[in-house]
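User: I would like to learn how to read the features of a protein model one at a time, with the general idea stated before the particular case. Could you take me through this one?

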Amino acid sequence: MARNRVYSEWEIKKLLVEIGRRVWARGYVAANDGNFSVRLSENRILTTPTGVSKGFMSTEMIVKVDAQGKVIEGSHRYKPSSELPMHLEVYRQRPDVQAVVHAHPPYATSFAVAGIPLDRCVLPEAVLTLGAVPVAPFALPSTEEVPLSIRELIRETDVILLENHGALTVGPDLQSAYFKMETLEHAAHIIWNALQLGKVNELSAENRDRLFDLREKFNIQGKILSCKK
Ligand SMILES: [Zn+2]
């Protein structure tokens with residue numbers, strides 16, 4: 001998908017359906033879990049429906065809401081997720097963000113369950129894309145605790161583990177937010193494997209600095225927390 005092109009609402013709905021298929025097929029969610037959204041303009045957001053497997057969505061299930069979460073367009077049969085307030089909080093805190101992906105990928109979520117942040121510089125691609133991934137404190141799903149739990153962290157980073165729950169990734173478009181979820185789960189899986197081998201070598205200080213220079217050189221967008229220790 002090319003960057004810097006303006007996508008029609010229809011194309012974005014199709015992409016929400018496609019990303020749902022991938023998230024489900026890769027086992028990042030079970031049953032009807034997970035939710036994604038795309039901000040079309042200041043007061044128009046497209047989001048996935050509640051009570052539907054994200055692997056089996058169709059475009060007519062996508063719901064349009066305003067910045068307060070009120071449904072402004074969509075079939076009356078489909079309602080937005082109870083986690084929508086978390087998405088709305090992201091959009092309030094981050095004018096640069098136009099898409100939000102929330103899922104429960106098993107390896108990343110295992111770290112979230114253990115309360116262990118992925119905050120070391122280990123894998124170059126993960127350092128460049130994700131930086132250090134923090135864990136937001138546990139919040140009861142569907143309550144106002146959830147947006148509050150991410151409010152501070154989301155100002156600083158595009159990727160957050162949600163304690164005993166899952167993960168949240170954001171970006172300037174849906175594909176980039178989704179790819180951050182893939183990179184997060186891939187990195188968590190590899191680090192988990194390395195932990196079984198008994199050793200996780202961190203990058204040297206020199207290589208960390210060189211990587212952060214590359215990030216600037218390639219003009220990689222998005223917010224990351226430093227994994228430099
Ligand atoms: Zn969830």
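Analyst: Let us begin with strand pairing: two strands are said to pair if DSSP finds at least two bridges between them. Please keep in mind throughout that this is a predicted model.

User: How many bridges join strand β5 to β8, and which way do the two run?

Analyst: Strand β5 (residues 99–103) is joined to β8 by five bridges, and the two run antiparallel; within this pairing, H102 has L168 of β8 as its bridge partner. Strand β7 (residues 159–162) is also antiparallel to β8, to which four bridges join it, and here V159 stands opposite T169. The β7 and β8 strands form a hairpin with three residues between them, and N164 in the turn has a positive phi of about 50°.

User: Which residues are the protein donors of the zinc ion?

Analyst: The donors are the NE2 atoms of H102, H104 and H165, lying 2.0 to 2.1 Å from the zinc ion, and along the chain they follow the spacing H-x1-H-x60-H.

User: Which cysteines form a disulfide?

Analyst: A disulfide is a covalent bond between the sulfur atoms of two cysteines. Here the count comes to one disulfide, formed by C121 and C227 with their sulfur atoms 1.9 Å apart. The link is right-handed, with 100° about the S-S bond, and it connects distant parts of the chain, since C121 lies in the loop between α3 (106–114) and α4 (124–129) while C227 lies in the segment after α7 (205–217), 106 residues apart. C121 and C227 are both buried.

User: How many salt bridges are there?

Analyst: Side chains of opposite charge can pair when their charged atoms come close. The count comes to 14 salt bridges in this model. One of them joins K64 and E9, whose closest N and O atoms are 2.9 Å apart; K64 in strand β3 (residues 63–65) and E9 in helix α1 (residues 9–25) are 55 residues apart, so the pair links distant parts of the chain. K64 is buried, with a relative accessible area of 7%, while E9 counts as partly exposed at 25%. Both residues belong to a network of salt bridges that links E9, R44, K64 and E73.

User: Which other residue meets R94 in a salt bridge besides D96?

Analyst: R94 meets D96 at 2.7 Å, N to O, and also forms a salt bridge with D158, where the closest N and O atoms are 2.8 Å apart. D158 and R94 are both buried, whereas D96 counts as partly exposed at 38% relative accessibility.

Definitions and conventions:
Residues are numbered from 1 along each chain as its sequence is written. This is a predicted model: local features need pLDDT of at least 70, side-chain atom pairs count only at pLDDT 80 or more; totals for chains, interfaces and linings use all residues. Side-chain values use heavy atoms; hydrogens and water are left out. A disulfide is a pair of cysteine sulfur atoms within 2.5 Å. Buried means under 20% relative accessible area, exposed over 50%, partly exposed in between (1.4 Å probe, protein chains only). Donors are N, O and S atoms within 2.8 Å of the metal (3.2 Å for Na, K and Ca); water is not among the atoms, so sites may look incomplete. A salt bridge is a side-chain nitrogen of Lys or Arg within 4 Å of a carboxyl oxygen of Asp or Glu.
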